[in-house]
Amino acid sequence: MNRNHRIKNILHITVLLVLAVIFIFPLAVTVTNSFMSEQEIADNYDPVTDKNLSSYNDNTANHFARFQLIPDVVVLKQYYNVLIKKTQFLFMFWNSVLITFPIVIGQTIVATLAAYAFAKLKFRGRNFLFFLYIIVMLMPFQVTLVPNYLMAGQLGLLNSHWSIIFPGIFSTFGVFLLKQYMEQIPDSYIEAARVDGANQLQIFLKIIVPMSRSGIAAMAILVFIDNWNMVEQPLIFLQDAAKQPLSLYLSRIIDGEKGLAFAASTLYMLPVLLNFLYAEKYLLEGIRLSGIKG
Amino acid sequence: MRTGKLKTNNGCLAWLFLGPSLLGFSLFYLLPFVTGFYYSLVDSPINGTFVGLHNYGALLKNPSFLSALANTARFTLICVPLNMILSLGVALLLNQKIQGRNLFRTIMITPLVVPVASVVLVWQAFFDLNGVLNSLIHALGYPPVDWMKTSWSRMVVLVVYLWKNIGYSVILFLAGLQNIPAEYYEAARIDGASRRQEFFRITLIYLTPTTFFVFVISIINSFKVFRETYLISGEYPYNSIYMLQHYMNNMFMALDYQKLTSAAFIMAVFIVAVVLLLFIVERKITNMIN
């Protein structure tokens, strides 16, 4: 019995290990290859990126790309290229920051206020309105694309970051997540504060917000990740390449600039990855919250 | 923990708290949603005349829309069940006392946070005709496959989808599993239930709410796979992975707003129908359990 158990345990760990390697592999390749020289990158990936060589030949096996995890020589040339030699990367990184941060801050404030109303205040049409919020949350971006585009044009927002920031701030996801969280706060706290003579604003600022801190953190992280990674919106709203965020830059450098692609990719994922490692427990909390039914 | 409604009448106050969100929601989501529907019923967004369901009729005869619709449906039908089965499996593994459990969990959700654009290079190098996967196949003595430019491309998108989305579902399932009271299992064991019976009679039944939620999330994320497909193979990928979102994006570029809004609304109606159906079924099952 005990031996059986141990064998099973080892089997399970093996399965998990294999999965873990698969999950982490693309990440590992990107990070380690960012320390390779341009020549080494070319040696490894030319069969894929250099389409002149790309006719497959039955007799030669070395016409394939290969993944190499450990660089022959560690060089920082890619980082030098990305950060110092070419300024485009920094500009687009800055664009990503300029788009993402207002969305995270704006949505946090707007959603915290609204979530409180949905979770703890009574008003007519509450359930119906919340249902609308959920339905809209589930819609693909393309559903409201045309009217949004025309409206951005009318408001003169096209080709400006605001055409993405405004819809981002008012995305209903944050409201949904925080409502779930705030519903768990017992009403007795609010009653007690009211007996002590606190008004609604004080109750909100001194009780609800402090007690929802980890829920708010979870929401902010999920919103940050989602918007840092966005592709569809800038593709449509920002025709001007100088205003586009990094997500679009990376999809374009693939051909040609092998000497910096991996370093650019690594730098691009660094903020999200650091954020994730630092605040993993909030992220987990956020995912779990999204699963609780309202 | 009682979380009933507060007694005082705070209707006005509620609207103050709700105000900013509601204003933006109406302006940037609700209004476009309604206008979008209107656009699908007229022949031009500007000074159009009402044409009823004509745009929808035209769309349902359009071959590239129909193929995009079929591809999206087929992809969703394959990837959603697969995602659910695999993530439930991983969650069950992680729900045991296993060494390095937290580390495994962390690794599983890493793909979720990594920007797609960052690892696109790796996927391309892996699935290209001259890519790493083909070098393995070649080494085994088989002819290489052009993964992205044959009907295999559907499988490539499936792999990328699973890689990206399993983590989220695993966390949801794990939370669901941990909510099942241990006494249920103890009672079943005393009654002499087998492992298999335990799984089907307790685990699966009590996991129903979570399962439904994972189902909804998986469907929604299956629509988001467009991002990956777009970054890997551009605006016009191989036929079998040309999705509704490609179609809508391309209609946008072609300024054919009628086709786009009609397609968007067919998709919207479908999503609302699925969600409503799920919530009804889920409520019935939950009531049965209680």
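**Entry 1: two helices of chain B**

At what angle do the axes of helix 5 and helix 11 of chain B cross? I looked this up in a predicted model. Helix 5 of chain B spans residues 116–127 and helix 11 of chain B spans residues 226–233; their axes come within 9 Å and cross at roughly 55 degrees. I therefore record helix 5 of chain B as oblique to helix 11 of chain B. The crossing of this pair in chain B is right-handed.

I then listed the residues that make the contact. Helix 5 of chain B brings B:Val116, B:Ala117, B:Val120, B:Trp123 and B:Gln124, while helix 11 of chain B brings B:Arg227, B:Glu228, B:Leu231 and B:Ile232. By class, I note 6 nonpolar, 1 polar and 2 charged residues in this contact.

**Entry 2: annotations on chain B**

I consulted the UniProt record, an unreviewed entry, for chain B. The record places the feature "domain: ABC transmembrane type-1" at residues 69–282 of chain B. In the model, I find that span to be 78% helix and 0% strand, with its end C-alpha atoms 27 Å apart.

The unreviewed UniProt entry also gives the annotation "transmembrane region" to residues 12–31, 75–94, 106–126, 155–177, 198–220 and 260–281 of chain B. I examined two of these stretches. Residues 155–177 of chain B are 100% helix and 0% strand, and the end C-alpha atoms lie 30 Å apart. Residues 260–281 of chain B are likewise 100% helix and 0% strand, with end C-alpha atoms 32 Å apart.

**Entry 3: where the chains meet**

How many residues of chain B are in contact with chain A? I find 83 residues of chain B in contact with 83 residues of chain A. On the side of chain B that touches chain A, helix 1 (residues 11–39) of chain B gives the most, with 17 residues. That side of chain B divides into 56 nonpolar, 23 polar and 4 charged residues.

**Entry 4: chain A**

I noted the domain assignment of chain A: domain 1 covers 2–75 and domain 2 covers 84–290. The C-alpha centres of these two domains of chain A are 34 Å apart.

I next looked at helix 4 (residues 88–120) and helix 11 (residues 213–228) of chain A, whose axes come within 9 Å and cross at roughly 145 degrees. Helix 4 of chain A passes helix 11 of chain A in a right-handed crossing. Among the contact residues are A:Ser96, A:Ile99 and A:Thr100 of helix 4 of chain A, and A:Phe224, A:Asn227 and A:Trp228 of helix 11 of chain A.

Definitions and conventions
Residues numbered from 1 in each chain as written. Chains lettered and ligands numbered in written order. Predicted model: local features only at pLDDT ≥ 70, side-chain atom pairs only at ≥ 80, totals over all residues. UniProt positions renumbered as here; feature names shortened; annotations may be inferred. Helix = DSSP H or I, 4+ residues; strand = E, 2+ residues; numbered from the N terminus. Axes fitted to C-alpha atoms, helices over the stretch in contact; angles between N-to-C directions. Left-handed = near helix turned anticlockwise from the far one by under 90°. Contact = placed C-beta atoms within 7 Å. Domains from an automatic or database assignment. Nonpolar A, V, L, I, M, F, W, Y, C, P; charged D, E, K, R; others polar. Parallel < 35°, antiparallel > 145°, perpendicular 65-115°, else oblique.
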